[in-house]
Amino acid sequence: MKKLIPIGTGILLIMSTMGCKKIINIDPISNIGVNAFYRNYEETKAGLTGCYYGLQKPLEYEWMLTDLRTDNSKQGVANSSAAINFEFNELDMFTLNSAHDKVYQYWLQTYKNIRSVNYVLKSLGASYAAGKTSLGEGTAVMSMPQKNQLAGEALFLRAYHYFNLVRLYGDVFLVTEPVDPEQSKRITRTPVAECYQLIIADLMAAKELLSPASYSPASNTEVGRATSWAAKALLAKVYLSTKQPAAALPLLDEVISNSGHALLPSFADVFSINNEMNKEILFAVRFKAGGFGLGNLMANNFAPTSSGSAIVNGDGSGYNFPTNELDLAYKIPATGAADSRKAVTMAKYSSKLYVKKFISPVLVKFDAENDFPIIRFSDVLLMKAEALGFGNAATMLINQVRERAGAVDYTSGDFNTGFYKYPLDGSNPNALSDEPRFLSALLNERRFEFAFENQRFFDLLRTGQAIKVIKNHYALEFDSHYKAYRPAFTLAELQANLTEEKLLLPIPQRELDANDQIKIIQNPGY
């Protein structure tokens with residue numbers, strides 16, 4: 001079990017100080033005051049620690065808006081009368097409207113934390129204008145190295161939040177400094193391209209402000225905080241998402257060559273609560289068990305219902321059901337090499353599949369230790385493969401990830417049922433010999449590697465495969481699952497729910513209704 005590392009101790013400090021209490025007990029975005037900023041390094045660092053804590057709450061809902069809307073997860077109890085399952089159905093089958101509570105909760109919790117980050121950045125003198133983030137005079141007095149470090153971390157967090165928002169909602173409200181209630185009502189939605197300008201500017205600044213020191217667990221006294229390497233990796237993903245692979249490549253090469261991060265020999269060890277913030281983790285949202293109010297809910301949320309204490313103390317809620325399709329997609333032959341990731345990722349209890357990756361023993365319900373990875377080294381390798389595109393260099397990167405999972409060289413046998421590395425000889429019928437086969441293999445690899453890490457939806461969006469893959473998922477699971485719903489619907493009707501417009505979530509209706517100053521335009525289709 002991890003000790004109360006600096007982030008954890010900072011939370012306790014926040015709870016005991018007036019200035020930081022505002023970060024923990026954060027009010028709605030319209031209720032802020034603009035005159036109270038941090039005055040020195042200690043106060044500003046404690047406020048920033050509150051922003052790290054603020055990463056936890058959006059994760060309570062993020063899987064619903066990402067994995068549940070893919071071929072990885074489904075609402076697993078057809079015709080359930082539970083209100084929460086109705087909400088899951090609407091996301092799973094793309095029938096939601098703008099009043100959906102979980103869509104609003106994710107939006108609200110994310111903007112709350114952006115507001116907290118903006119307080120920190122204002123105190124440090126950070127500003128954004130004309131596509132550039134700069135650092136000037138602020139209210140907080142500290143040394144320049146201290147200021148650079150805190151500003152780099154805060155900019156990383158703001159970019160991370162906006163990157164998620166823009167991919168989920170499209171045009172969003174770009175708020176880069178604290179605003180009062182009346183000012184907030186005069187802010188309208190910013191086009192996606194301009195949102196990406198901010199994200200890129202923040203990450204460009206963050207990667208330069210943060211220390212370039214290589215990963216070293218022995219010397220890392222600020223474990224869990226954003227680093228230059230995390231900023232470079234996240235910026236590379238932003239470039240891939242904006243169709244700029246050439247800009248992503250040098251960043252990924254830097255991380256691979258100089259960061260000190262690497263694959264662990266064992267996939268299971270990546271997620272062990274006894275091995276957190278290991279060299280494979282570039283950035284994670286940290287959780288702390290032990291009754292501090294910082295524990296992870298996922299163990300109990302994802303464990304099966306009516307499992308008592310067989311899976312986790314306090315029973316499970318049965319959320320985030322893995323699909324049968326995913327269960328069958330892993331290569332687990334009766335003999336020979338098998339994909340070791342499946343046993344870490346998911347399991348069955350009383351014939352029901354459940355997500356296992358983030359389950360650890362708990363003394364108290366909803367108080368698990370598991371951190372949640374945001375950027376892993378395997379992601380860096382597969383992003384580089386994506387940036388390179390079809391070819392042996394990219395295939396070798398995919399094979400590197402597969403080999404860690406247990407894949408072996410192909411010599412003979414049924415390639416489709418065994419777990420093998422992809423041949424590099426283009427004349428081999430199992431080689432990734434053209435762009436479509438390469439993209440399919442890359443997406444499959446990312447699916448198995450990052451299952452239930454909220455990446456699948458964004459991967460499908462980025463590569464233009466979302467509608468095709470999700471409609472195929474409906475077809476594969478229709479007879480075994482969706483056909484049981486009442487009132488009944490056809491496969492064609494289910495597939496018709498999913499359109500390009502519905503890939504974006506609606507702007508929460510409460511956000512639109514609360515503004516009596518300007519009219520906010522809703523996303524098409526809602």
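Axes, in what follows, are lines fitted to C-alpha atoms, for helices over the stretch in contact, and angles run from 0 to 180 degrees between N-to-C directions. Contact means heavy atoms within 4.5 Å. Helices (H or I, at least four residues) and strands (E, at least two) are DSSP runs, numbered from the N terminus.

What you have above is a predicted model, in which local features need pLDDT of at least 70 and side-chain atom pairs count only at pLDDT 80 or more, while totals for chains, interfaces and linings use all residues. Residues are numbered from 1 along each chain as its sequence is written, and side-chain values use heavy atoms, with hydrogens and water left out.

Confidence, then. pLDDT is the predictor's confidence in each residue, from 0 to 100. The chain has a mean pLDDT of 92, and 92% of its residues reach 70 or more. Over residues 1-34, pLDDT stays under 50, and for that stretch the model has 73 contacts beyond four places in sequence. Where pLDDT is low, the predicted coordinates should not be read in detail.

Now to helix H7, residues 144-169. The 26 residues of H7 reach 37 Å from first C-alpha to last, close to the 38 Å expected at 1.5 Å a residue; the expected span is 1.5 Å times one less than the number of residues. Is H7 mostly covered or mostly open? Mostly covered: 21 of its 26 residues are buried, where buried means under 20% relative accessible area, exposed over 50%, and partly exposed in between (1.4 Å probe, protein chains only). Just after H7 comes Gly170, with a positive phi of about 80 degrees.

H7 packs with helix H10, residues 228-241, at an angle of about 25 degrees, and the two axes are 11 Å apart. That makes H7 roughly parallel to H10, since angles under 35 degrees count as roughly parallel, over 145 as roughly antiparallel, 65 to 115 as roughly perpendicular and the rest as oblique. On the H7 side, the contact is made by Phe156, Tyr160, Phe163 and Arg167. H10 contributes Ala230, Ala231, Leu234, Lys237, Val238 and Ser241. An α-helix has 3.6 residues a turn, so residues three or four places apart point the same way.

Next, helix H16, residues 377-388. Its 12 residues should span 16 Å at 1.5 Å a residue, and the end C-alpha atoms are 17 Å apart, which agrees. H16 is mostly covered as well, with 11 of its 12 residues buried; among them are Phe377, Asp379, Lys384 and Glu386.

Some backbone details in the loops. Most residues other than glycine have a negative phi, and most peptide bonds are trans. Asn320 is not a glycine, yet its phi is positive, near 60 degrees. Asn320 sits in the loop between helix H13 (298-302) and strand S7 (321-322) and is buried, at 2% relative accessible area. Ser307 lies in that loop between H13 and S7 too, and counts as buried at 4% relative accessibility. Leaving out residues up to four places away in sequence, Ser307 touches Asp315, Gly316 and Tyr349.

Phe366 also has a positive phi, near 65 degrees. Phe366 is in the loop between strand S9 (352-355) and strand S10 (372-376), and is partly exposed, with a relative accessible area of 33%.

Last, which peptide bond is cis, with omega near 0 degrees? The bond from Arg486 to Pro487. Pro487 is placed in the loop between helix H20 (466-477) and helix H21 (491-496).
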